[in-house]
Amino acid sequence: MADLDDIRDGQRFGLDTPADTSKFFLKGLNNSDWGMKNRLSRIFNPKSGNTVMLAFDHGFLMGPTSGLERIDLNIAPLAEHADCLMACRGSLRTCIPPENNKPVCLRADTGTTILTELNHNVLLSEEEMIRMNSSALAAMIAVGDAATEAKTLANFSRLVDIGNRHSIPVMCVTAVGKDMARDSRYFGLAARVGAENGASIVKTYYTEGFENVVACTPVPIVIAGGKKLPELEALEMAYNAIQAGAAGVDMGRNVFQSDAPVAMIKAVGGVVHDGLKPKEALDLFETVKAES
Ligand code: R5P
């Protein structure tokens, strides 16, 4: 039993000593199997080391939210500009042409909606994960939520067992537990819990002090975009996350709720892959928007 009355915050993050990526370009994953590395190399660009994942899995929780009313019209045209599509099986099967060649990060847990209690999820079947030709599998963990923490971590561990059986990387999605502060201490804890439970990728939220979250998480981190922001602010967030060591984004609303989603995903790609500064990326956004 851990001593809960003497948990000392970490101090030695070694920020001046980067993780060794000389053997495989993604940190912490050199000991993975060939199939796992090959799938990861489809999701993350081996040149930049980063990824722009397009998240449109929101509908299973919240229905046809703004920008996701028609996945066939609003999302399918964005696919070619993303490195990876993160979605549920229903929208993939019904609205994304199977000729689409982008790797899929399948949302592999389901079970509750915004109308009830969130996070009481179960996993899809193992066969279904394979049938969807998943390049990665994603499930949420609710660290700090007394009602669902244990269940979501058990789900997640089982998903990692399934992923490992087939060399499919698993991404941990850190839901913010009720009453949890959205700070680097909390996100560092949640991200580390995901990695310790076998995540190959951790998805969390950007916050001040993010370099500590990245440093204490031994696998690549991608950030969620969160609720819609003005384009420049979203690009600044992506830029700051990359500067702090994030390996990309898994962004949804800040792309598909923009009034120019193609321009926005291209601008985010400029930040993530080409090192554009936020203002430069905004210029790219405005240029592409004007052309469309
Ligand atoms: C949350 O459970 C989902 O994985 C969302 O896809 C995620 O939060 C990313 O979307 P957004 O950028 O809209 O926050």
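Predicted model: local features only at pLDDT ≥ 70, side-chain atom pairs only at ≥ 80, totals over all residues.

Student: On the other side of α1, which residues are exposed?

Tutor: W34 and N38 are exposed there. Residues are numbered from 1 along each chain as its sequence is written.

Student: And which residues of α1 are buried?

Tutor: In α1 (residues 34-43), M36, R39, L40 and I43 are buried. They cover an arc of only 100 degrees around the axis, so they sit on the same side of α1. That arc is taken from the directions from the helix axis to the C-beta atoms. Helices (H or I, at least four residues) and strands (E, at least two) are DSSP runs, numbered from the N terminus.

Student: What do the buried residues of α1 pack against?

Tutor: They pack against β1 (51-55), β2 (84-87) and β6. Contact means C-beta atoms, placed from the backbone, within 7 Å.

Student: What about G49, where does it lie?

Tutor: G49 is in the loop between α1 and β1. With 16 C-beta neighbours inside 10 Å, G49 counts as partly exposed. Leaving aside neighbours within four places in sequence, G49 is in contact with F25, L26, F44 and A247. G49 and A247 are 198 residues apart in sequence, yet 6.6 Å apart in space, C-alpha to C-alpha.

Student: Switching to α6, how far apart are its end C-alpha atoms?

Tutor: They are 26 Å apart, which agrees with the 26 Å that the 18 residues of α6 (residues 149-166) should span at 1.5 Å a residue. The expected span is 1.5 Å times one less than the number of residues.

Student: Which residues of α6 are buried?

Tutor: T152, N155, F156, L159, V160 and G163. They cover an arc of only 140 degrees around the axis, which puts them on the same side of α6. An α-helix has 3.6 residues a turn, so residues three or four places apart point the same way. On the other side of α6, A150, D161 and R165 are exposed. The cover over the buried residues includes β4 (109-110), β5 (122-123), β6 (136-141) and β7 (170-174).

Student: What follows α6?

Tutor: S167 does, and its phi is positive, near 60 degrees. S167 lies in the loop between α6 and β7, and with 15 C-beta neighbours inside 10 Å it counts as partly exposed. Most residues other than glycine have a negative phi. N133 also has a positive phi, near 55 degrees, and lies in the loop between α5 (126-131) and β6.

Student: OK, the ligand. How many residues surround it, and which are the closest?

Tutor: There are 13, and the closest are A55, A224, G225, G252 and R253. The cut-off is a C-beta atom, placed from the backbone, within 6 Å of the molecule. The elements giving two or more residues to that shell are β10 (248-251) and α10 (253-256).

Student: Last one: which residues have the most contacts inside the largest nonpolar core?

Tutor: A238 and V268, in a core of 88 residues. Such a core is a set of buried Ala, Val, Leu, Ile, Met, Phe, Trp, Tyr and Cys residues joined through C-beta atoms within 7 Å. Not counting residues up to four places away in sequence, A238 touches V249, V268, V271 and V272.

Conventions. Buried ≥ 20, exposed ≤ 12 C-beta atoms within 10 Å, placed from the backbone. Contact = placed C-beta atoms within 7 Å.
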